[in-house]
Amino acid sequence: MRDGAAIAGLGMTELGRVYGRSPRRLAADAVRAAVDDAGLALGDLDGLLVSHGLGGSPGIELADTLGLRDLRLLTQMNSFGATAGAMVSYAAMSVLSGAATTVACVFADAPLKPKQSAGSAYHRDAPEWYGFGGMTAALGFRSVNAFYALAAQRHMARYGTTGDQLGAIAVSTREWASRNPLAQMRDPITLDDHRASRWVSEPLRLLDCCIVSNGAVAVVVTGADRAADLARPPVHVWGWGQGHPGHRKARGSAFGLVTGAATSGPIALKMAGVTPSDVTQAQLYDCYTYTVLVSLEDYGFCGKGEGGAFAASGALGPGGSLPTNTGGGQLSGYYMWGMTPVSEAVIQARGDGGDRQAPNDVILVSGNGGILDHHATLVLSPHRKGA
Amino acid sequence: MDIGILRRDGRTDGFFDAAARDRLAVRRCAACAAPPEGAVPSDRDVPPDGAATGAGAEAFLPPDATSCPDCGTEDLGWTDVSGEAVLVSWTVLHPRPREDGSAPPPALLALVELAEGPWLYARLDGVGPAGLREGLPLRVRFAHPSEGEAYPLFTPA
């Protein structure tokens with residue numbers, strides 16, 4: 001049988017309010033951990049893909065930091081929150097084409113500073129503002145919260161989606177997080193807690209927004225045959241796809257209502273040879289509860305406009321028909337951009353989920369970047385494709 | 001929320017010149033405004049309900065456009081538009097608490113669709129959240145602070 005690509009190693013630093021280590025150092029630590037996890041040595045790597053981050057994140061100089069030599073693949077990649085999926089797919093393609101054999105993919109960032117609120121890490125403020133973009137920020141658009149709120153509100157106005165339906169996503173995600181020792185927010189919450197949490201940008205409340213984390217996550221991608229001989233169970237990469245709708249901000253735009261997942265999902269699922277009904281769990285980028293809701297629709301787990309009712313049905317929580325964000329996602333777990341869903345998918349595919357282990361035969365992983373502008377989808381499985 | 005002081009950055013002078021005289025200006029691609037016979041407007045953005053028309057048909061572009069997405073030219077002119085718009089979506093932004101713990105007043109922010117087609121991220125004025133709905137007719141007005149550039153606000157028409 002033709003060889004496939006697999007994730008053979010996962011490395012995660014401490015995540016959250018982790019201070020005293022630069023993003024480059026965190027990235028190096030995560031790559032070392034991922035290589036070690038796979039039962040490999042750093043010298044076995046012949047490829048390194050480094051994710052763009054918020055600021056101060058490492059570039060290709062990370063190869064020097066790690067002392068890597070004779071690499072066949074080295075680049076920094078950026079499609080915002082879709083980068084992790086894009087990195088894994090590029091690594092898989094490189095392995096399948098023979099361009100490289102063993103590729104580490106890493107994300108690292110350290111936006112949190114001591115004695116600073118989490119929100120301020122992603123917030124702009126200034127006494128004077130320059131140009132048209134500055135004017136937009138001055139008028140109130142000083143973080144992405146307001147832009148996602150506009151998207152969510154548009155969906156509500158169009159389809160009758162409710163705040164409680166968003167709340168159901170916050171609650172089920174926290175329920176999963178309570179079972180994950182790696183999660184930053186593990187105290188269970190109720191719908192009433194969600195209703196009582198302060199407004200950030202209506203219709204989004206504090207509990208609709210993700211947390212912020214310092215740290216790094218890396219994976220090692222290699223051929224499926226080789227992965228089978230390494231230290232940990234291979235996580236097979238069945239399919240991948242990207243979607244970048246390029247909605248014009250003008251009359252007729254589907255901004256906020258349809259995302260790139262509507263494109264990336266079918267591509268990845270077709271490559272994997274499965275349909276949405278075959279997916280046994282989903283790891284969806286959840287910078288906001290709304291991101292999950294609209295992604296569920298665009299992946300075809302429910303119809304357009306039905307994401308709210310689907311989430312409120314209990315489908316996403318433990319015991320539900322589509323266990324989703326089983327590690328607590330970015331809302332309650334840790335915010336490593338697209339590496340949050342990728343890392344939990346690897347843990348689940350290996351059967352290492354402990355109290356939160358969900359059926360793992362077909363795992364859909366979704367990355368989202370910009371304001372629902374960029375999507376990358378992976379389909380992962382503990383089984384060989386077609387086996 | 002304090003708006004602060006707005007300064008030019010040299011890239012959107014036409015917008016702030018117009019704002020100073022209470023007019024809303026956007027970019028327009030002269031080449032695409034007069035398409036050749038038989039040209040087909042862009043249909044890239046078909047909404048789920050298929051109700052709206054193509055975005056690029058009249059070649060009006062947002063004030064911060066740097067090139068025409070249809071023909072690629074960077075030679076864009078400025079043109080005053082009507083100042084009429086409709087509401088696409090909105091949010092009540094609750095600003096981060098101040099250092100002393102007090103909360104600044106909320107701001108009503110919106111995505112508005114100009115009558116000419118482009119969308120703007122905007123701030124609403126003279127209306128409360130309860131009065132908002134998709135398609136609500138709006139009209140621009142300009143605030144002229146004592147220091148810095150004038151800026152647009154949208155109010156119910």
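In which sense do strand S5 (residues 84-93) of chain B and S8(B) pair, and over how many bridges? The two run antiparallel and share three bridges; strands count as paired if DSSP finds at least two bridges between them. In this pairing, B:Ala85 sits opposite B:Leu138 of S8(B). S8(B) also pairs with S9(B), again in the antiparallel sense, over six bridges, and here B:Ala143 faces B:Tyr151 of S9(B). Element names follow DSSP runs numbered from the N terminus, with helices (H or I) of at least four residues and strands (E) of at least two.

This is a predicted model, in which local features need pLDDT of at least 70 and side-chain atom pairs count only at pLDDT 80 or more, while totals for chains, interfaces and linings use all residues. Residues are numbered from 1 along each chain as its sequence is written, and chains are lettered from A in the order in which they are written.

As for confidence, the predictor gives the complex an ipTM of 0.93 and a pTM of 0.94. Chain B has a mean pLDDT (the predictor's confidence in each residue, from 0 to 100) of 87, and 85% of its residues reach 70 or more. One stretch to handle with care is residues 43-56 of chain B, where pLDDT stays under 50. Where pLDDT is low, the predicted coordinates should not be read in detail.

Now to the place where the chains meet. Here 40 residues of chain A are in contact with 43 residues of chain B, contact being C-beta atoms, placed from the backbone, within 7 Å of each other. H4(A) gives the most to chain A's side, with eight residues. That side divides into 19 nonpolar, 13 polar and eight charged residues; nonpolar covers Ala, Val, Leu, Ile, Met, Phe, Trp, Tyr, Cys and Pro, charged covers Asp, Glu, Lys and Arg, and the others, Gly among them, are polar. S5(A) also pairs with strand S1 (residues 5-7) of chain B, in the parallel sense over three bridges, and A:Glu128 stands opposite B:Ile5 there.

Helix H1 (residues 13-20) of chain B has B:Phe15, B:Phe16, B:Ala18 and B:Ala19 as its buried residues, buried meaning that 20 or more other C-beta atoms, placed from the backbone, lie within 10 Å of a residue's own. Seen down the axis of H1(B), these residues fall within an arc of 160°, so they line one face of the helix. The arc is taken over the directions from the helix axis to the C-beta atoms. Their cover includes H4 of chain A along with S2, S4, S8 and S9 of chain B.

Note on methods. Contact = placed C-beta atoms within 7 Å. Buried ≥ 20, exposed ≤ 12 C-beta atoms within 10 Å, placed from the backbone.
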